[in-house]
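User: I have a structure open and would like to go through its main features with you. Could we begin once it is on the screen?

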Amino acid sequence: MKSQTKPAFIHVLLVFSALFHSYSTSVSAQEVEDENEFSYSEESGKGPSQWGNIKKEWSDCKTGKMQSPIDIPSRKAKVIKNPGRLEMYYKPTEFIVKNRGHDISLKIHWLKSAGSIKINGTEYFLRQAHWHSPSEHAIDGKRYALEVHLVHQAKDPKVKHNLAVVGLLYKYGEPDAFISKLLGNISATNDEIHEKPLGFVDPTHIDIRMGGKAYYRYIGSLTVPPCTEGVIWSVQKQVKQVSKEQVHAIRVLVHDVSKDAY
């Protein structure tokens with residue numbers, strides 16, 4: 001897992017904030033889909049420490065100064081009293097479930113729309129959601145059992161910060177209802193069948209509490225190659241619950257049952 005080199009200096013903001021780092025480049029690069037191009041295992045020779053050397057266009061993975069994920073220091077978070085509310089306008093649409101090898105993802109049918117979020121007046125449309133285990137972000141040094149990223153993109157490529165990701169953390173506890181519904185479909189994606197239509201899904205069911213709650217805001221990057229910087233991150237402060245059985249099932253699907261429990 002990568003870690004951002006200077007997390008405390010981007011001003012992690014707790015709740016309601018719209019204070020952005022002065023980053024000028026528009027972000028449009030998307031995450032790499034083919035897991036064969038990189039790995040999370042250093043022994044493979046394609047691990048995180050080598051990502052920036054694999055391709056020229058992945059150089060941010062090595063030289064970037066605003067890399068995600070980070071360890072968020074909650075005590076240094078700044079409370080903003082006048083909220084720049086994270087507004088969510090999701091709607092049910094057709095999704096495709098995909099096992100990308102390094103995570104499990106939900107992708108929207110390319111002709112459909114699952115709605116959007118607004119951050120300080122700029123609209124970002126939901127493109128996909130994916131789950132990592134264990135969590136990529138940490139809070140005060142603690143990583144969690146699972147993390148979901150909802151990836152959004154502005155239609156206008158000239159928008160200063162073109163990508164916005166909402167992150168939700170999970171700790172061990174009661175089973176998560178949304179993941180319970182997904183696991184049967186995800187289990188059908190194996191080494192021969194990497195993706196399948198999922199039918200209509202309402203993104204608000206990932207967490208019906210989303211929108212207007214406390215969150216940490218910072219400017220970071222994509223967490224996999226090309227590690228492009230200038231991504232608006234909003235990591236929810238409230239932690240969800242997921243069962244150990246659910247997390248184990250996800251790890252089995254991505255061929256990773258070696259990580260310690262969190």
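This is a predicted model: local features need pLDDT of at least 70, side-chain atom pairs count only at pLDDT 80 or more; totals for chains, interfaces and linings use all residues.

User: How many disulfides does a search of the whole structure find?

Analyst: The search finds one disulfide. C61 is joined to C227, with an S to S distance of 1.9 Å.

User: Which hand does the link of C61 and C227 have?

Analyst: The link is right-handed, with 90° about the S-S bond.

User: Which parts does the pair tie together?

Analyst: C61 belongs to helix α2 (residues 60-63), whereas C227 sits in the loop between β14 (215-221) and β15 (229-236), so the link ties together parts that are 166 residues apart in sequence.

User: Is C61 buried or exposed? And C227, buried or exposed?

Analyst: C61 is buried, because its relative accessibility of 12% falls under the 20% cut-off. C227 is also buried, at 0% relative accessibility.

User: What about the phi of C227?

Analyst: The phi of C227 is positive, about 60°, although C227 is not a glycine. Most residues other than glycine have a negative phi.

User: Staying with the backbone, where are cis peptide bonds found?

Analyst: One joins S68 and P69, with omega about 0°. P69 is in the loop between α2 and β2 (71-72). Another cis bond runs from P225 to P226, with omega near 15°.

User: On to the strands. How many residues of β12 are buried?

Analyst: Strand β12 (residues 163-172) has eight of its 10 residues buried, so the rest of the structure largely encloses this strand.

User: Which strands pair with β12?

Analyst: Strand β11 (residues 146-153) pairs with β12 in the antiparallel sense, over eight bridges. β15 runs parallel to β12 and is joined to it by four bridges. Strand β16 (residues 240-242) also pairs with β12 in the parallel sense, over three bridges.

User: What are some bridge partners I could look up?

Analyst: V148 has L168 of β12 as its bridge partner. A164 is partnered by I232 in β15, and K171 by Q241 in β16.

User: What does I206 touch beyond four places away in sequence?

Analyst: I206 touches A129, W131, V148, L150, L168, Y170, D176, F178 and K240. Of these, V148 and L168 are the bridge partners already mentioned.

User: What does the side chain of H130 contact?

Analyst: The side chain of H130 makes a polar contact with the side chain of Q128 at 2.7 Å. H130 is part of strand β8 (residues 122-132), and H130 is buried, with a relative accessible area of 0%.

User: And P197, buried or exposed?

Analyst: P197 is exposed, at 67% relative accessibility. P197 lies in strand β13 (residues 195-201). Apart from neighbours within four places in sequence, P197 contacts F95 and I96. The C-alpha atoms of P197 and V97 are 6.3 Å apart in space, while the two residues are 100 apart in sequence.

User: Last topic, helix α4. Which residues are buried there?

Analyst: In α4 (residues 244-253), the buried residues are Q246, V247, I250, R251 and L253. These residues cover an arc of only 160° around the axis, which means that they are on the same side of α4.

User: Why would residues three or four places apart point the same way?

Analyst: An α-helix has 3.6 residues a turn, so residues at that spacing point the same way.

User: What does the face of α4 turned away from its buried side carry?

Analyst: That face carries the exposed residues K244 and E245.

Conventions
Residues are numbered from 1 along each chain as its sequence is written. Side-chain values use heavy atoms; hydrogens and water are left out. A disulfide is a pair of cysteine sulfur atoms within 2.5 Å. Helices (H or I, at least four residues) and strands (E, at least two) are DSSP runs, numbered from the N terminus. Buried means under 20% relative accessible area, exposed over 50%, partly exposed in between (1.4 Å probe, protein chains only). Two strands pair if DSSP finds at least two bridges between them. Contact means heavy atoms within 4.5 Å. A polar contact is a pair of N or O atoms within 3.5 Å; within protein, one must be able to donate a hydrogen and the other to accept it, and residues adjacent in sequence count only if both atoms are side-chain atoms. The arc is that of the directions from the helix axis to the C-beta atoms.
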